[in-house]
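Please keep the sequence and the 3D view open as you go.

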Amino acid sequence: MTELELLQNYWWLLIAILGGVLVFLLFVQGGQSMLYNDAPEAARQLMVNSLGRKWELTFTTLVVFGGAFFASFPLFYSTSFGGAYWLWMLILFSFVIQAVSYEYRRRRGNLYGTRTYDTFLFINGFVGCVLLGVAVGTLFFGGEFTVEKTNILNSASPVISRWADTRGLEAIVSWRNLLLGLMVFFLARTNAALYFINSISDMKEFGVSLRSRVLINGTVFAFLFIGFVVVLLRAHGLQYENGSFVVVPHLYLKNFITMWWFIPLFLGGTLCVLWGIYRSAFSAVYRKGIWWTGIGTVVVVITLFCIAGYNNTAYLPSLTAPDDSLTIANSSSSVFTLKVMAVVSLVIPVVIWYIWYVWSKMNNKPLTLRELNNSDHQY
Amino acid sequence: MNDLISTVDWSRAQFALTAMYHWLFVPLTIGLSLVVAVMESIYVRTGEERWKGITKFWMTLFGINFAIGVATGIILEFEFGTNWSNYSWFVGDIFGAPLAIEGLFAFFMEATFVAVMFFGWNKVSKRFHLTATWLTALGVTLSALWILVANAWMQNPVGMSFDPAQMRNVMTDFWAVTFNEVSMNKFFHAVFSGWALAGVFVIGISSWLLWRKRNVQAAISSMKVGAWVAAIGMILTFWTGDGSAVAVAKVQPMKLAAMEGLYDGHSGEKLVGLGVLNSAKKPGDNEPEMLFEISVPHGLSILARHDMNAFVPGINDIIAGVDVNEQGDTINTVSYAERIEAGKRAHDQLREYDKARAAGDDSAMQAAADSLAKDFKFFGYGYFSSPEDAVPPVALTFYSFRVMVFGGSLLLLIILIMVWASYKKVSFLERPWLHWAGMLSIPLVWIVSQAGWIVAEVGRQPWVIQDLMPTTAAISDIPASSVKLTFWIFAVLFTALLAAEVSIMVKYINHASKGNIEK
């Protein structure tokens, strides 16, 4: 393996880890989609405020995920973002309206009323999860694009990456992408219910049964997950062999077999998620389910990214011109940039440490209504 | 072709719109993070509870502004991909790195410690909280550093080479990219202007409190901190602005010429203080440059080259490739006509390289690559058909520069008066003209700040990367109608959110000031 290949693999792994952490942190969005309910206002306040203290971590992780993709695989950034314009724009709009909603929803003079901002949170909760899932779906099921670098010399029409006229809308209506999107959505809702159980002192007194939500959302998620895995393992993929791309039936299944070490990781992660759901749904007191599902979510998503990108697999297959498909080899930054960024990535453990340290101090006790009422910064 | 131009124009409009909205909130975030850190330091040091109340008052305003700054910021990063996809490939190898570093070093720091600022008062010790507040300010500043490194690199592309095999630029020297001669001035100029803006914001709100005779002691205390931060910020902004002007004169002389509306340069060039441009003036004609002007003799030579007799080239000189060196000798640089020829040659050589590569002809590839390397520094000119294509909008740059400088000077005067006044007797601070000066300085400082951004960004047009890539070549393959639609969505959405932000701030200030801010 050359130095460039090593760095490309390393950066794909970092992208996979960021993707995994991002999907886990989407519990914030999942929670936002659960705010419309018949629970008393006090219960809703606890839910909003427990989410409001974490929304920026999810938001920041999304931004860093984008930045890391830009730095390490710029051709993906150029092709997917510039091509699937409406898909990404809808995702971005949903995050724009989220970013102000916590701070503004209950402020005097917010002009549009609390309900509008809560609707913004719901839209972000639903659209953000589903469409991010759709975007990840294109990594397996492809997009309708071409890449022609010599176009840059054509003054009248210089764009190198071109997408179908539907500009990403076709990805949104692809049932396979939607299946993944809905799976992410229900996973986020499941994780949100588990997060509430862990971070809020007691919701029972408000008549809110979080454990039944874990069970319902977790069950829907499990069925969607099984469906997605079946579709994925049966799917054809594109692999780069001897100078061109070839269609390989059941490519992702074969990738699992070839890179067998991902099988125990994938199964272990899946079991963690299921165990977290089961323990929390059928216990009256167990509060730590979020840790099981969180770890499981991160591990499963990492393995999915790895089988999408490793083994000369096209991680963004072109349905229009297979030879224009993107792999980690043909879309990456140069060896110098990847090396610089690899040095920069050494700071990641420090970042994780201080986030952990700060939140262990801030979250050492579950949020109570009393604490909330005494706080001078409420959402 | 027409649709391409339309897409380019709408994409430029959208980027300008989103960047200018973002720039409404960012300088306040930068400066206010410092203001609250200073106030909280006073609280921790003196132990006076009133400073805790004052800190919380300004921290709340910081939080209201921070949220919308985050909301408008996410778009900008992703717009490089959605609307400028060619750019993302052509220089993503270099440009992506500072964006990723910004996220890793700055955004996580902000996101983590800002939560301690707001929710940690009763959960962590005083000193831990103060540390978190300072780390938030540091995170905000680091964010500015990396995004301005990226921006400065676009204006002065260094530390890179062109890889013809991949038809893109690759980084060769990270430190040259980070510390290029534009970036540090740009970074400090932007950060100090943020301090000045936030300081003026504090002065303005404090003036309103004094005018309404509410929380007078808190207002005076806030005024002292705000005025000092503003004064230091504004003085340093002028200082770094001078450094920026010298850098612009060196690496973007066309931008400097546009800032001055200067077509024909001279030795000992005057600086137009106030003036009205002749809108009929075009490069190469004999029309007068100005319809009216009040000038400072030798001013531009001093500003641009720190030499009162230095020659400063105008637009016609730059197009013709004429300059005068320090010894006073006329020298010929490369004219724009020659640059266009060189750019087109570079394009041809790249085509030749590609053909040779397809044919597997290594020697032809090497020959094409060698020829390309000679002309590559003018690669972007190959997209132009005439030298006038490479001239930025002169009027907007010229007038924005004057708004920035004169507005900034007026603000400096007001700020210095406020520093002085805040140490006078309370009776002096009760003068309504002083209150009104403080209050009116709030809109003025935002106008000045936006004008500065216009000078920097409009003045560098038509380049997205100086000399290498014009905006027309940086675009995505999107119909103009789609970009037009997203432009209007952003325009409506951001305007609605701005209205909400201002309304919330006004209500909060009004409501909080009816009680005791110091508690």
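**Notes on the contacts between and within the chains**

1. Between them, chain A and chain B bury about 7600 Å², and carbon and sulfur atoms account for 73% of that area. Please keep in mind while reading that this is a predicted model. The contact involves 79 residues of chain A and 94 residues of chain B. On the chain A side, the residues that lose the most area to chain B are A:Ile152, A:Leu153 and A:Met362, which together make up 9% of what that side buries.

2. A salt bridge joins the side chains of A:Arg162 and B:Asp477, with an N to O distance of 3.6 Å. There are also 22 residue pairs in polar contact between chain A and chain B, counted where both residues have pLDDT 80 or more.

3. Which elements of chain A supply at least two residues each to the side that touches chain B? They are the helices α4 (55–72), α5 (74–83), α6 (85–104), α14 (335–344), α15 (348–362) and α16 (369–374), together with the strand β2 (161–163). The largest share, 14 residues, comes from α4(A). Sorted by class, this side of chain A has 49 nonpolar, 19 polar and eleven charged residues.

4. Chain B is divided into domain 1 (2–252 + 393–510), domain 2 (257–332) and domain 3 (336–387). The C-alpha centres of domain 1 and domain 3 of chain B are 39 Å apart, and 14 residues of domain 1 are in contact with 15 residues of domain 3. The area buried between these two domains of chain B is about 1100 Å², with 77% of it given by carbon and sulfur atoms. Of the area that domain 1 of chain B buries against domain 3, B:Phe162, B:Pro164 and B:Asp467 supply 36%, more than any other three residues.

5. Between domain 1 and domain 3 of chain B, the rule finds zero salt bridges, while three residue pairs are in polar contact, both residues being at pLDDT 80 or more. The strands β1 (160–163) and β8 (469–470) of chain B each supply at least two residues of the domain 1 side. That side is made up of twelve nonpolar residues, one polar residue and one charged residue.

6. A last point concerns a hairpin in chain A. Strand β3 (residues 237–241) and strand β4 (residues 244–248) of chain A pair in the antiparallel sense over five bridges, and A:Tyr240 has A:Phe245 in β4(A) as its bridge partner. Two residues lie between the strands of this hairpin, where A:Asn242 takes a positive phi near 50°.

Key
Residues are numbered from 1 along each chain as its sequence is written. Chains are lettered from A and ligands numbered from 1 in the order in which they are written. This is a predicted model: local features need pLDDT of at least 70, side-chain atom pairs count only at pLDDT 80 or more; totals for chains, interfaces and linings use all residues. Side-chain values use heavy atoms; hydrogens and water are left out. Two strands pair if DSSP finds at least two bridges between them. Helices (H or I, at least four residues) and strands (E, at least two) are DSSP runs, numbered from the N terminus. Domain bounds come from an automatic or database domain assignment. Contact means heavy atoms within 4.5 Å. Buried area is the accessible area (1.4 Å probe) that two parts lose on being put together, summed over both. A salt bridge is a side-chain nitrogen of Lys or Arg within 4 Å of a carboxyl oxygen of Asp or Glu. A polar contact is a pair of N or O atoms within 3.5 Å; within protein, one must be able to donate a hydrogen and the other to accept it, and residues adjacent in sequence count only if both atoms are side-chain atoms. Ala, Val, Leu, Ile, Met, Phe, Trp, Tyr, Cys and Pro count as nonpolar, Asp, Glu, Lys and Arg as charged, and the others, Gly among them, as polar.
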